[in-house]
Structures are given as C-alpha cells and as structure tokens.
Amino acid sequence: MLVTMSTKELHRLPVIQAVVEKRLRRRDAASQLDLTERQVQRLMNRFRESGAAGLTNSRRGLPGTHRIDIALRHRILTLLRENYVGFGPTLAAEKLQESQCIQDQQQKCNRRRK
C-alpha cells in the first residue's frame, strides 16, 4: 500500500521503529520528536496496528469539519456582493444574521469576500 507522508511524519518513522524494536527508549524518542512519552506510546500503538500508515494524519484527504455547504456559501457570497458591498466583515456578518437568518462566523465571511 502506498502511503503519502509529510516530512514530519517521515522523521517520526525511524524513531518510532527504533522504540518498537527496543533500540531506543520512549523518553529519548519523546525528546527527539519534541513530544511527551504518552504521545510516543500512542504513536507506537498506531505503528504496531497499521504500520507506517498509522503515523500519518488520519484526516488527510477528507473535507474540513467546518466547511460550509456549497449552496449556502454561494447564497452568502451573492448577498454580500449585491447588498453589503461597503460593509466590513463584522457588520456584514451581523446584517446577514439579522436580515437573512444566516448564521455565519465573521471570519468565514471575511475570507470568502476576497
């Protein structure tokens, strides 16, 4: 199985392998990886279960958890462009909440307007 790993995850692999093979102590691995011993133990358990794939981020490739529905995002952008052109992000978010019954965080409005 092909596993895509970041450089951070690639650096962890030989260290965790050494701990699993008992060539390195958890304490030493924790200091090398700048983690706690408990985090190293968790990585060891995941490595034993899944191999190198256990050290990768399990959320990679999945959509974000705070993602807005595409239809709602399009509706918000249309309203912002048509009705709230000169508004700042905070005021635009407040007006959207009041008049359009859209609950959206001001940061999301601000990012999408650009």
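Arg 26, Arg 38, Arg 42 and Arg 46 gather on the surface in a patch of positive charge. Patches here are made of residues with over 30% relative accessible area and no salt bridge, with like charges joined within 9 Å and nonpolar side chains (Val, Leu, Ile, Met, Phe, Trp, Tyr) within 5 Å. Lys and Arg count as positive, Asp and Glu as negative, while His and the chain ends are not counted. The place of a charge is NZ of Lys, CZ of Arg, CG of Asp or CD of Glu.

Before going on, a word on the source: this is a predicted model, where local features need pLDDT of at least 70 and side-chain atom pairs count only at pLDDT 80 or more, but totals for chains, interfaces and linings use all residues. Residues are numbered from 1 along each chain as its sequence is written, and side-chain values use heavy atoms, with hydrogens and water left out.

Which helix gives the largest share of the positive patch? Helix H3, residues 37-50, supplies 3 residues. Arg 26 sits in helix H2, residues 26-33. Helices (H or I, at least four residues) and strands (E, at least two) are DSSP runs, numbered from the N terminus. Arg 26 counts as partly exposed because its relative accessibility is 33%; buried means under 20% relative accessible area, exposed over 50%, and partly exposed in between, with a 1.4 Å probe and protein chains only.

Now the whole chain. The chain has 6 helices and 0 strands. Of its 114 residues, 28% count as buried. The accessible surface is about 8300 Å², and carbon and sulfur atoms hold 49% of that. Such areas come from the Shrake-Rupley method with a 1.4 Å probe, and for residues only the protein chains shown count as cover. Among contacts with a separation of 6 or more, 47% are between residues 24 or more positions apart, a contact being heavy atoms within 4.5 Å.

Arg 12 belongs to helix H1, residues 7-20. Is Arg 12 buried or exposed? Arg 12 is buried, yet has no salt bridge, and the nearest side chain of opposite charge, Glu 9, is 6.3 Å away. Apart from neighbours within four places in sequence, Arg 12 is in contact with Leu 33, Leu 35, Leu 43 and Leu 55.

That brings us to pairing. Side chains of opposite charge can pair when their charged atoms come close. A salt bridge is a side-chain nitrogen of Lys or Arg within 4 Å of a carboxyl oxygen of Asp or Glu. How many salt bridges does this rule give? The count is 5.

One of them joins Glu 9 to Arg 60, with the closest N and O atoms 3.1 Å apart. This pair links distant parts of the chain, as Glu 9 is in helix H1 and Arg 60 is in the loop between H3 and helix H4 (70-83), 51 residues apart. Glu 9 is buried because its relative accessible area is 7%, whereas Arg 60, at 39%, is partly exposed.

Glu 37 forms another with Arg 27, at 3.9 Å between the closest N and O atoms. Here helix H3 holds Glu 37 and helix H2 holds Arg 27, 10 residues apart. Glu 37 is partly exposed at 34% relative accessibility, and Arg 27 is exposed at 52% relative accessible area.

Last, Lys 95 pairs with Glu 98 in a salt bridge. Both lie in helix H5, residues 89-99, 3 residues apart, about one turn of the helix.
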